[in-house]
Amino acid sequence: MRLFVAGGTGALGSRVVRLLAEGGNEVTATARTDAGAQQIRAVGATPVDIDLFDVAALRTAIRGSDVVFRLTTKIPPLMQMRKAEAWAETGRLRVEGTRALNRACSDEHVGTCIHESITFVYEDGGDNWLDEDSPVSDAGAAPLRDALEAEAEAQKFTGADARAVILRFAAFYAADSSQSLEMADRARRRRLALIGPSRNWFSSIHLDDAAHATVAALRAPAGIYNVSDDDPVQLATFMTSMARAASGRGLPKLPSIAGGAALGVTWRYLQRSQRVSSARMQRLTGWTPTVRNAREGWVRIANEWGRVTKSKG
């Protein structure tokens, strides 16, 4: 197949490009730098540098493609996430980028568009499992509002001869993820804390599993699919497991009242209890996560970080 990946050098996109190329597909992917272009060529794909909001440029880039993936985000650094304005570029990529890409795909008669979204859009579910039919809300937070608007734009693509597949990903983490590395660094320096009891359910997905799910989405009918591991943990467990992987110890604690000041707009949804199920994705595509939960995932990452540290020593 001929495949196009918008966002080909990101944490998820780079993994997806490699898997698609290894599968014998003809893959073109976006790259904004020379280093990114070299990274894409190294796995057997073709890089292209285009304006993701320019429909004419997009039409030229995707011409002849069977499937287009929109995996474009620019997540702000950890300590900038509290500011709504820090999410502006990701919001534009999600909403305006989806609109432009859909138009280009329609004009070029692309059959399938696969779009990245997030599970954070679900309302608080308490201890209940959340599926794709569970209520959603933006909680007044820019990242969620943009994600839901982008989903609505993506769904407009589905028609008689076209399908949109929307993947709602749980929280990403991996040994080479910039966000995971930043959290680990702050945990080592005791500049990261657990806020309040943090007993709400927190769903996550290792980036390697997320990439395999994205490729499996080629087999999915049109619709929305959750991509999460099989055993969500409480937020306190996720954060403590991360800290122990990074430093061998837990995190200091702050009272719940400190949440708004410390986390800003993200605090509005990080308090939600979200026990997300990916049963639909698994049933309809055959994909299953290899990392069952974040406890196991962070142990694996700790081992990887240990090997890196040892090899540098």
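This section describes the overall dimensions, strand pairing and charged side-chain interactions of a predicted model.

The chain contains twelve helices and 15 strands. Along the principal axes, the C-alpha atoms occupy a box of roughly 55 × 50 × 40 Å. The radius of gyration is 19 Å, which agrees with the value near 20 Å that a compact globule of 313 residues would have. Of the 313 residues, 53% are buried. When contacts between residues at least 6 apart in sequence are considered, 79% of them join residues at least 24 apart.

Strand 2 comprises residues 26-30 and is mostly covered, with four of its five residues buried. Strand 2 pairs with strand 1 (residues 2-6) in the parallel sense, over four bridges. Within this pairing, Arg2 is positioned opposite Glu26 of strand 2. Strand 2 also pairs in the parallel sense with strand 3 (residues 46-48), here over three bridges. Pro47 in strand 3 is the bridge partner of Ala29.

Strand 1, helix 1 (residues 13-22) and strand 2 form a right-handed unit. A right-handed unit is likewise made by strand 2, helix 2 (residues 34-42) and strand 3.

Strand 7 spans residues 163-169 and is mostly covered, six of its seven residues being buried. Strand 5 (residues 112-118) runs parallel to strand 7, and the two are joined by seven bridges. In this pairing Cys113 stands opposite Ala164 of strand 7. Strand 7 is also joined to strand 12 (residues 223-227), again in parallel, by five bridges. Arg168 is located opposite Asn226 of strand 12.

Arg168 has a further interaction through its side chain, which forms a salt bridge with Glu151 at 2.7 Å, N to O. Arg168 belongs to strand 7 and Glu151 to helix 5, so the pair ties together parts that are 17 residues apart in sequence. Both partners are covered: Arg168 counts as buried at 4% relative accessibility, and Glu151 is buried with a relative accessible area of 5%.

The total count of salt bridges is 21. Another of these joins the side chains of Asp133 and Arg280, with an N to O distance of 3.3 Å. Asp133 counts as exposed, at 61% relative accessibility. Arg280 counts as partly exposed, at 23% relative accessibility.

A salt bridge is also formed by the side chains of Asp208 and Arg300, at 2.8 Å, N to O. This pair links distant parts of the chain, with Asp208 in helix 7 and Arg300 in helix 12 (residues 294-312), 92 residues apart. Asp208 is partly exposed, with a relative accessible area of 26%, and Arg300 counts as partly exposed at 29% relative accessibility. Asp208 and Arg300 are members of a network of salt bridges that also includes Arg15, Asp176 and Glu304.

Asp209 is likewise found in helix 7, which covers residues 207-216. Asp209 is buried but has no salt bridge. Its nearest side chain of opposite charge is that of Arg300, at 5.8 Å, whereas a salt bridge requires a nitrogen to carboxyl oxygen distance within 4 Å. Arg300 does form a salt bridge with Asp208. Apart from residues up to four places away in sequence, Asp209 touches Trp287, Pro289, Thr290 and Val291.

Methods: Residues are numbered from 1 along each chain as its sequence is written. This is a predicted model: local features need pLDDT of at least 70, side-chain atom pairs count only at pLDDT 80 or more; totals for chains, interfaces and linings use all residues. Side-chain values use heavy atoms; hydrogens and water are left out. Buried means under 20% relative accessible area, exposed over 50%, partly exposed in between (1.4 Å probe, protein chains only). Lys and Arg count as positive and Asp and Glu as negative; His and the chain ends are not counted. Contact means heavy atoms within 4.5 Å. Two strands pair if DSSP finds at least two bridges between them. A crossover is right-handed if, with the strands pointing away from the viewer, the path from the first strand over the helix to the second runs clockwise. The radius of gyration is taken over C-alpha atoms; the globule rule is 2.2 Å times the number of residues to the power 0.38.
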